[in-house]
Amino acid sequence: MRPAAVLFDCDGVLADSEGLVNRLVAEAISAQGWRLSAEQARETFLGMALPEMLPVIEARCGALPGDWGEALTRRIMAALTEEVEAIPGAPAAVAAAAAAGLPLAVASNSTRGELRAKLARLDLARYFGARVFTFEDVPRPKPAPDIYRAAAAACGAAPADCIVVEDSLLGARAGIAAGCRVLGFTRDTEAAVLAAVGARPFASMAELPALLGIEE
C-alpha cells in the first residue's frame, strides 16, 4: 500500500558511512584504553546516539575528557564531508519517491552537523527540506519513537500511514514503537533480526520503489 510519507534513516540506508564512522569511533575509544576494531565498534554501537554511547565507553575507560565527544564529532564531520558515498541505489530510490509526490523526511541518531554534512555530500538535502531530524531535535533518541513521530508530523501524516526505511535493530524498534510500518534494509543487519521486531526485510535499494507502491 502506498504510504502517506516515507521516513528514511541515514547511516546505512542513504549514506555508506558505517565503516568510516566505526573506524573513527574505534580509534578514538582505543586511544582511551578500550581496544576496539571497527567491526567491534559496529557491533557495540550500531544505531546508538552519542549520549547513549558515552556511558558505555566510560564504564570501560573511566571518565572521558570533557571535550571528547565534541572532538570525535568534529573528526567524523570532516571525514564525512570528504569521503562518504551513497548506498548503491539509494539516491535513485529517494528521487523516485520524491517524483511520485511522497513527502520525505530523514531521521537519524547522528548529530545535526554530521547529518547535514552527509546529505550535502550526497546531494540529497534538496529532497527533505526542513524535514531533517537528529537526536538533538527530540527528547529521546532511537529506539524511542520520538524522532519518527516528529518526522511523520513534519510530513503532515499519521505515523500509521508512514513507511520507515531502517537498517538497524534500534532504528527498526523506533519505527515500530512510533506506529509506522518499517522496511528493514538487510545490508548490515540480518533479515531475521529485523523481522523479529516487526520490520519487513528487503535486500536492495532497487526494490524500494516497488515496496513503496510507486513503481511504474
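One cavity of 30 Å³ or more is present in the structure, a cavity being a set of points on a 1 Å grid over the protein atoms alone where a 1.4 Å probe fits but cannot get out. The structure is a predicted model, in which local features need pLDDT of at least 70 and side-chain atom pairs count only at pLDDT 80 or more, while totals for chains, interfaces and linings use all residues. Residues are numbered from 1 along each chain as its sequence is written, and side-chain values use heavy atoms, with hydrogens and water left out.

At least two lining residues come from each of H1, H2, H3, H4 and helix H6 (112–121), and H1 gives the most, with four residues. Helices (H or I, at least four residues) and strands (E, at least two) are DSSP runs, numbered from the N terminus.

Of the 13 residues of H1, 10 are buried (under 20% relative accessible area with a 1.4 Å probe, protein chains only; exposed is over 50%, and partly exposed lies in between). Among these buried residues are Leu 20, Val 21, Leu 24 and Ile 29. Their cover includes helix H2 (38–45), helix H3 (50–61) and helix H4 (68–83), with contact taken as heavy atoms within 4.5 Å.

The largest pocket holds about 160 Å³ of space, a pocket being an open set of points with protein on both sides within 12 Å along at least five of seven lines. Elements that give two or more residues to its lining are H3 and H4, and H4 has the largest share, four residues. The lining includes Leu 50, Leu 54, Trp 68 and Thr 73, and it divides into five nonpolar, three polar and two charged residues.

Three aromatic pairs were counted, under the rule that rings of Phe, Tyr and Trp (its six-membered ring) pair if their centres lie within 6.5 Å, with planes under 30 degrees apart stacked, over 60 edge-to-face and the rest tilted. Phe 8 and Phe 128 form an edge-to-face pair, at 6.1 Å centre to centre and 75° between the planes. Phe 8 lies in strand S1 (residues 5–8) and Phe 128 in helix H7 (residues 125–128), so the pair ties together parts that are 120 residues apart in sequence. Phe 8 is buried at 1% relative accessibility, and Phe 128 is buried at 0%.

Two features of the backbone concern loops. Lys 142 and Pro 143 are joined by a cis peptide bond with omega about 20°, and Pro 143 lies in the loop between strand S3 (132–134) and helix H8 (146–154). Asp 123, although not a glycine, has a positive phi of about 60°; Asp 123 occurs in the loop between H6 and H7 and is partly exposed, with a relative accessible area of 45%.

Technical notes:
On a 1 Å grid over the protein atoms alone, a cavity is a set of points where a 1.4 Å probe fits but cannot get out, and a pocket is an open set with protein on both sides within 12 Å along at least five of seven lines; lining residues have an atom within 4 Å of a point. Grid points are joined across faces, edges and corners, and a volume is the space filled by probe spheres set on the points. Ala, Val, Leu, Ile, Met, Phe, Trp, Tyr, Cys and Pro count as nonpolar, Asp, Glu, Lys and Arg as charged, and the others, Gly among them, as polar.
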